[in-house]
Amino acid sequence: MNARTLGRLWRNGLALLLAAAFLFPVYWMFATSFKNNSQVLTRDPVFLFAPTFEHYATATGVELFWTYVANSLLVTVGAVLLALVVALAASFALARMRFRGRRGMVLAVMMAQMAPWEILIIVVYLNARDLSMLNSLGTLVLVYFVMALPFTIWTLRGFIAAVPRELEEAALIDGCGRLEAFRRVIFPLLAPGLMATSLFGFILAWNEYAMVLVLNKAPDAATLPLWLTQFQTNFGNDWGATMAASSLFTVPVLIVFLILQRRVTGGMAAGAVKG
């Protein structure tokens, strides 16, 4: 066995160990959701057990569960679509047009992406309160749209800048207007970037907890992250129901990621280095 083969085996083994270390908590979450209470609370870990769905029944039996699901889907899809529409126009302007303040705007987008949104919670709450926008799904859509917008603009700008200008100019010469040239030439080439930014916006809006905790305390205006906090009893946390709820909460993200995986990987890399 030569040195190259040994090096490949060592790297593959290390990669498998790292993958196992990262995936084990996810496995344990799903496994715990199928154990009975005695197996969940035992000091010795249990790997072989007869699965039970009692914790899933408890998790989905919470009052207003389907309202939480509908609210999360509405807020997430609304924020992602709004961010994509606005970011397409903004990224095209930053990538293709030359105007005063363009570099400053690019810098502002990058700084907004790096800034922690938690520092704005108090300001957002005060504005929402003064405008009578508390306990509103529309408010959450706007907040998550603003949070996802900088990354979406930055990534799509890189993709648009990577499209050769000659393709767009050829479409203009053939009689297309600028909007039609964008729709026919540039937009079809943005699929990886659209997938990457859509997944980022989906995860951000789906998982976000702090904003909805502050802005939407009314049960009928809450989303699934608040649902995850409801499995407490007088004797402590119901860990089985918590793991079942966490598993259900994770499944949509896993499904979306698996569907978009190939395009997302290329989109993240290309959008980060081009433009």
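How many of the 26 residues of α7 are buried? In this predicted model, 19 of them are, and the helix is mostly covered. The legends below begin with the whole chain and then go to single sites.

**Figure 1. Overview of the predicted chain, with 13 helices and 2 strands.** The C-alpha atoms fill a box of roughly 70 × 70 × 30 Å, taken along the principal axes. The chain has 275 residues, and buried residues make up 39% of them. Of the contacts between residues at least 6 apart in sequence, 72% join residues at least 24 apart.

**Figure 2. Helix α7, residues 137-162, and the kink at Leu-149.** The 26 residues of α7 should span 38 Å at 1.5 Å a residue. The C-alpha atoms at its ends are 37 Å apart, which agrees with that expectation. Within the helix, a kink of about 35 degrees lies at Leu-149, shortly before the proline Pro-150. The N-terminal end of α7 is capped by Ser-136. A side-chain oxygen of Ser-136 lies 3.2 Å from the backbone nitrogen of Gly-138.

**Figure 3. Helix α4, residues 65-96, and its bend at Ala-87.**

**Figure 4. The largest nonpolar core and the surroundings of Trp-227.** This core has 54 residues, and those touching the most other members are Tyr-144, Leu-190, Leu-224 and Trp-227. Helix α4 contributes the largest share of the core, 13 residues. Leaving aside residues up to four places away in sequence, Trp-227 touches Ala-59, Val-62, Phe-65 and Tyr-68, and also Ala-245 and Leu-248.

**Figure 5. Thr-32 in helix α1, residues 3-33.** Is Thr-32 buried or exposed? Its relative accessible area is 7%, under the 20% limit, and therefore Thr-32 counts as buried. The side chain of Thr-32 reaches back to the backbone oxygen of Trp-28, at 2.6 Å. Apart from residues up to four places away in sequence, Thr-32 touches Val-40, His-55 and Met-243.

**Figure 6. Thr-42 in the loop between α2 (37-41) and α3 (54-60).** The relative accessibility of Thr-42 is 35%, so this residue counts as partly exposed. A polar atom of the Thr-42 side chain lies 3.5 Å from the backbone nitrogen of Asp-44.

**Figure 7. The salt bridge between Arg-129 and Asp-130.** The structure holds 1 salt bridge. The side chains of Arg-129 and Asp-130 meet in it at 3.3 Å, N to O. Asp-130 has 54% relative accessibility, over the 50% limit, and so counts as exposed. Arg-129, at 44%, counts as partly exposed.

**Figure 8. Leu-126 in helix α6, residues 121-130, and Leu-215.** Leu-126 has a relative accessible area of 34%, which means that Leu-126 is partly exposed. How far apart are the C-alpha atoms of Leu-126 and Leu-215? The separation is 9.6 Å, although the two residues are 89 residues apart along the chain.

**Figure 9. Two residues with positive phi, Leu-64 and Ser-132.** Most residues other than glycine have a negative phi. Leu-64 is not a glycine, yet its phi is near 70 degrees. Leu-64 is placed in the loop between α3 and α4. At 34% relative accessibility, Leu-64 counts as partly exposed. Ser-132 also is not a glycine, and its phi is positive, about 55 degrees. The loop between α6 and α7 holds Ser-132. With a relative accessible area of 68%, Ser-132 is exposed.

Note on methods. Residues numbered from 1 in each chain as written. Predicted model: local features only at pLDDT ≥ 70, side-chain atom pairs only at ≥ 80, totals over all residues. Heavy atoms only, no water. Helix = DSSP H or I, 4+ residues; strand = E, 2+ residues; numbered from the N terminus. Buried < 20%, exposed > 50% of the residue type's maximum accessible area, 1.4 Å probe, protein only. Polar contact = N/O pair within 3.5 Å; in protein donor to acceptor, adjacent residues only side chain to side chain. Contact = heavy atoms within 4.5 Å. Salt bridge = Lys/Arg side-chain N within 4 Å of Asp/Glu carboxyl O. Expected span 1.5 Å × (residues − 1). Bend = angle between axes of the 7 residues up to and from the residue. Core = buried A, V, L, I, M, F, W, Y, C linked by side-chain atoms within 4.5 Å.
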